[in-house]
Structure formats: C-alpha cells, structure tokens
Amino acid sequence: MQAVLAALTLPLQQLTDPGFRGPLLKGLGIALLAFAGLAFLADWGVGALAGGEGWLATLAGLLGGALVLVSAVWLFVPVLLGITSLFLDEVAEAVERRFYPSLPPAEGASLAAQVSAGIGLSLRLLLLSLLILPLALLLPPIGVVLYFAVAAVSLGYGLFDGVAQRRVDVVQSRALRRRQRAQIIAVGMALAALAAVPLFNLLVPVLGTAAMTHLLHRGQAWGQAGGRPANI
C-alpha cells in the first residue's frame, strides 16, 4: 500500500519541474487533439446516420449528441495509451533524474520498440472498447464495470511494461509485473478512474507514466537502495 500511495502522490510534486513540464504540456496538447478528433469522428458518424428532417431527425440528433460525448470518453483510454508511448521515455527519465539519480542510463528496449508495443496495446484496447460499447449502452451497469476493469488492467500493465522495458528485457519485465501485479492493478484502477473525469483525464499519460516509474523502482531492491538494476 505504501508503494501505491507513493506512486500516486510523488508525480504531483513534479508538475512544476522543468524536466517534467515539457512532456506534460506536449501530452496535454496531443490528448486535447485526440479528444477533439474522437468527438469529430463520432459527430460525423451520427450526422451521416441521422440525416433528414422532422421530429425523428431531431430526436436522433439529440440522442446522437449524447452518443458523441459517450463515445469520445469511452474511446479516450485506448488513445491515451497510444499517446503515452510517444513520450514515455522522456517522462520516466525526468522522474529518475529527480528521485533516483544513482541509476545508470536506461539500456532496455529501444524507443522504437516501446512505441510499437504501446501502439499495439492501444489498438487492442480500442478493439475491446468497441466490443464492450454496445453492452454498455444496453446494460450500462455491466458494461461500465467491465470497461473499467479492462481499462484498469490495460493502463496498469501497459504503462508498467513500457517503463520496465526501459531497464530490462521483455522476459524480465513480465517477471517484475507478476511480482507487483496487485500494486500495478491498484494504480491502474486509480488511473482508470481519473481517465473518466473530463479535463483531469488529459493528465493521465504523464501522471500514469510517472506513477509506474515510481512503482517499478520502489518495488525493487535497486530503487530502495538507490543502486542499479542487476540480476532480477
């Protein structure tokens, strides 16, 4: 529990850090553009389906407006994962520079591999979100709970794997994830809840990456001792 609380609160101390500000502003900008793009696409789709005149068209337009908002929010978490992969390394480096200065340079997976893995996870979550959306519209309680569970696990695992693979290879990162599974899912749940809150959800890519960086290092002997990762 202590590691989870530290992972969720320490990133807030860096919001004004010069090394943190750049990724934060870029993340906010890209997230805003992504949200606007989702809303535009959803609105265009509803407009195409609800064309015409009369009360039926008016009703369809009203329902469509609500659907636009729901769809944009619903699909935002998968987009967040894709956004995060673009500057995960920069955020993690800023956190390590301030809180874990004794660590050596990261020599895990390449940046291209991290971006590829992040986008791949984002696309898989996007597909799952689209599959769950009809259930959420027909049976909201079940659909929302299911979506929250998928988002929590996806955000938790996706962000942790991305951060861990800066330091270790894929096999070792999976071993670390299994060792810290409960903590990762707990942080993932907090991030999934934040992702459902308008405006605050724009902070999830940066704060989530920073949180998982803390969780990784505080869960390992090298982070507790201020040393370097060795045999895991």
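Buried means under 20% relative accessible area, exposed means over 50%, and partly exposed lies in between, with a 1.4 Å probe and protein chains only. By that scale R98 is partly exposed, at a relative accessible area of 40%.

This is a predicted model, in which local features need pLDDT of at least 70, side-chain atom pairs count only at pLDDT 80 or more, and totals for chains, interfaces and linings use all residues. Residues are numbered from 1 along each chain as its sequence is written, and side-chain values use heavy atoms, with hydrogens and water left out.

## Salt bridges

A search of the whole structure finds seven salt bridges. The term stands for a side-chain nitrogen of Lys or Arg within 4 Å of a carboxyl oxygen of Asp or Glu. Three of these pairs are set out here.

| Pair | N to O distance |
|---|---|
| R98 and D17 | 3.8 Å |
| K26 and E90 | 2.9 Å |
| D89 and R166 | 2.8 Å |

Take R98 and D17, whose side chains meet in a salt bridge. R98 sits in helix α4 (residues 76–99) and D17 in the loop between α1 (2–9) and α2 (18–49), so the pair ties together parts 81 residues apart in sequence. Helices here are DSSP runs (H or I, at least four residues), numbered from the N terminus. D17 is buried, at 18% relative accessible area.

K26 counts as partly exposed at 43% relative accessibility. E90 is also partly exposed, at 32%.

D89 pairs with R166. D89 lies in helix α4, while R166 lies in the loop between α6 (140–164) and α7 (170–179), 77 residues away. R166 is buried, with a relative accessible area of 4%. The pair belongs to a network: salt bridges that share partners join D89, E96, R166 and R167.

## A nonpolar patch

L127, L128 and L131 make a nonpolar surface patch of about 300 Å². Patches are made of residues with over 30% relative accessible area and no salt bridge; nonpolar side chains (Val, Leu, Ile, Met, Phe, Trp, Tyr) are joined within 5 Å, like charges within 9 Å. Accessible areas come from the Shrake-Rupley method with a 1.4 Å probe; for residues, only the protein chains shown count as cover. L127 is placed in helix α5 (residues 111–138).

Key:
Helix = DSSP H or I, 4+ residues; strand = E, 2+ residues; numbered from the N terminus.
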